[in-house]
Amino acid sequence: MCAMELTDGNDRQPARPAARRRVPVIWPWVVVVAAWTLALLAVLTNQSYLINHHYLLEASHLPVLVALVVFLACWQVMTVGMMLPSSMPMVYMIVHAGRQQRRPHAVPGAFLAGYALVWTAFASVSFLGDTRIHWLVHHWFWLDTHTWVIGATTFAVAGAFQFSPLKGRCLKQCRSPFSFFMRYYRLGVGAAWRMGLRHGMFCLGCCWALMLVMFGIGVSSLLSMALLTGAMVVEKTYPGGQRLSPVIGIVLLGLSALWLAHPAWLLGGIGV
């Protein structure tokens with residue numbers, strides 16, 4: 001991939017030295033480490049409430065739109081820390097291909113911006129949808145006294161999705177980054193942006209349910225973050241990793257059943 005010469009009339013330039021094209025791609029992992037460091041510091045300094053939807057909607061007394069902006073700003077750290085590791089093969093190819101274009105840094109930047117936009121949209125919908133759940137809790141006495149049902153339902157939906165055809169199709173795309181790259185790669189920053197959106201949509205279709213679990217937990221547990229990140233990395237990048245999907249589904253469905261049977265065992269359930 002590094003040696004491919006991809007040029008057109010707008011982006012043509014003299015071939016770069018082969019040594020430069022072979023420079024290791026390290027900075028994406030630096031960004032991931034920085035994201036996890038920020039998450040760790042937030043926990044250690046008791047600042048993780050800034051990404052806790054329950055706190056932002058109930059205890060912060062912020063207007064909903066302001067709370068949403070705060071949440072989305074912190075969500076970018078979550079996206080980098082949890083989703084970027086599982087997309088590293090695609091990022092590597094974009095970076096190497098970008099080095100052969102006129103704006104080598106803008107190409108991967110545009111790709112990642114498109115990718116981040118997809119996950120930001122998901123977070124926005126999840127957060128605004130959660131405001132409706134809060135409204136139901138405050139106006140429906142039964143749900144107010146059985147809030148643990150929300151957590152159990154979240155786990156059940158996520159577990160069931162692991163067996164869905166949509167999960168399988170999107171996971172297949174995510175597990176074939178080279179084929180995806182060869183099919184959709186075009187020259188230019190705008191093309192990289194569109195490719196980031198497309199890859200983000202497949203990634204969303206593959207992992208939205210697991211990220212919804214993380215959203216429901218409150219995204220303040222580093223252990224939960226690490227477990228879900230590891231699961232997504234194995235699913236999407238390791239040989240035979242797709243066989244982990246039904247295992248994850250069974251675990252989530254089992255936790256959902258346990259939650260319904262003995263809600264107190266899971267500390268009262270997910271904060272809503």
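Student: Is lysine 167 buried or exposed?

Tutor: This is a predicted model, and the values discussed here are computed from it. Lysine 167 has a relative accessible area of 1%. The cut-off for burial is under 20%. Lysine 167 is therefore buried.

Student: With which residue does the side chain of lysine 167 meet in a salt bridge?

Tutor: Side chains of opposite charge can pair when their charged atoms come close. For lysine 167 the N to O distance in the salt bridge is 3.0 Å. The count for the model comes to one salt bridge. The partner of lysine 167 is glutamate 235.

Student: How many residues apart in sequence are the parts that this pair ties together?

Tutor: Lysine 167 lies in helix 9, whereas glutamate 235 lies in helix 12. The pair therefore ties together parts whose separation in sequence is 68 residues.

Student: What is the relative accessible area of glutamate 235?

Tutor: Glutamate 235 is classed as buried, and that class requires a value under 20%. The relative accessible area of glutamate 235 is 0%.

Student: Within what arc do the buried residues of helix 9 fall?

Tutor: Helix 9 covers residues 165–174, and its buried residues are Lys167, Cys170, Leu171 and Cys174. Seen down the helix axis, these buried residues line one face, because they fall within an arc of 105 degrees.

Student: Which exposed residues does the face of helix 9 turned away from its buried side carry?

Tutor: The buried side of helix 9 includes Lys167 and Leu171. Turned away from that side is a face with exposed residues, namely Pro165, Arg169 and Lys172.

Student: Where does serine 164 lie, and what is its relative accessible area?

Tutor: Serine 164 is placed in the loop between helix 8 and helix 9. Its C-alpha is 9.8 Å from that of proline 246, although the two are 82 residues apart in sequence. Serine 164 counts as buried, with a relative accessible area of 18%.

Student: What distance separates the end C-alpha atoms of helix 8?

Tutor: Helix 8 runs over residues 148–161 and has 14 residues.

Student: With which residues is threonine 229 in contact, leaving aside its neighbours within four places in sequence?

Tutor: Threonine 229 is located in helix 12, residues 222–237. At 7% relative accessibility it counts as buried. Its contacts beyond those neighbours are Trp36, Gly81, Met82 and Pro85.

Student: How many of the 11 residues of helix 5 are buried?

Tutor: Helix 5 is described as mostly covered. Its buried residues are Met88, Met90, Val91, Met93, Ile94, Val95, His96, Ala97 and Gly98. The count of buried residues in helix 5 is nine.

Student: How far apart in space are methionine 88 and threonine 237?

Tutor: Methionine 88 belongs to helix 5 and is buried at a relative accessible area of 2%. Leaving aside neighbours within four places in sequence, methionine 88 is in contact with Pro28, Trp29 and Val32. Methionine 88 and threonine 237 are 149 residues apart in sequence, yet their C-alpha to C-alpha distance is 8.8 Å.

Student: What percentage of the contacts between residues at least 6 apart in sequence join residues at least 24 apart?

Tutor: The secondary structure comes to 13 helices and zero strands. Of the 272 residues in the protein, 45% are buried. Among contacts between residues at least 6 apart in sequence, the share joining residues at least 24 apart is 80%.

Note on methods: Residues are numbered from 1 along each chain as its sequence is written. This is a predicted model: local features need pLDDT of at least 70, side-chain atom pairs count only at pLDDT 80 or more; totals for chains, interfaces and linings use all residues. Side-chain values use heavy atoms; hydrogens and water are left out. Helices (H or I, at least four residues) and strands (E, at least two) are DSSP runs, numbered from the N terminus. The expected span of a helix is 1.5 Å times one less than its number of residues. Buried means under 20% relative accessible area, exposed over 50%, partly exposed in between (1.4 Å probe, protein chains only). Contact means heavy atoms within 4.5 Å. The arc is that of the directions from the helix axis to the C-beta atoms. A salt bridge is a side-chain nitrogen of Lys or Arg within 4 Å of a carboxyl oxygen of Asp or Glu.
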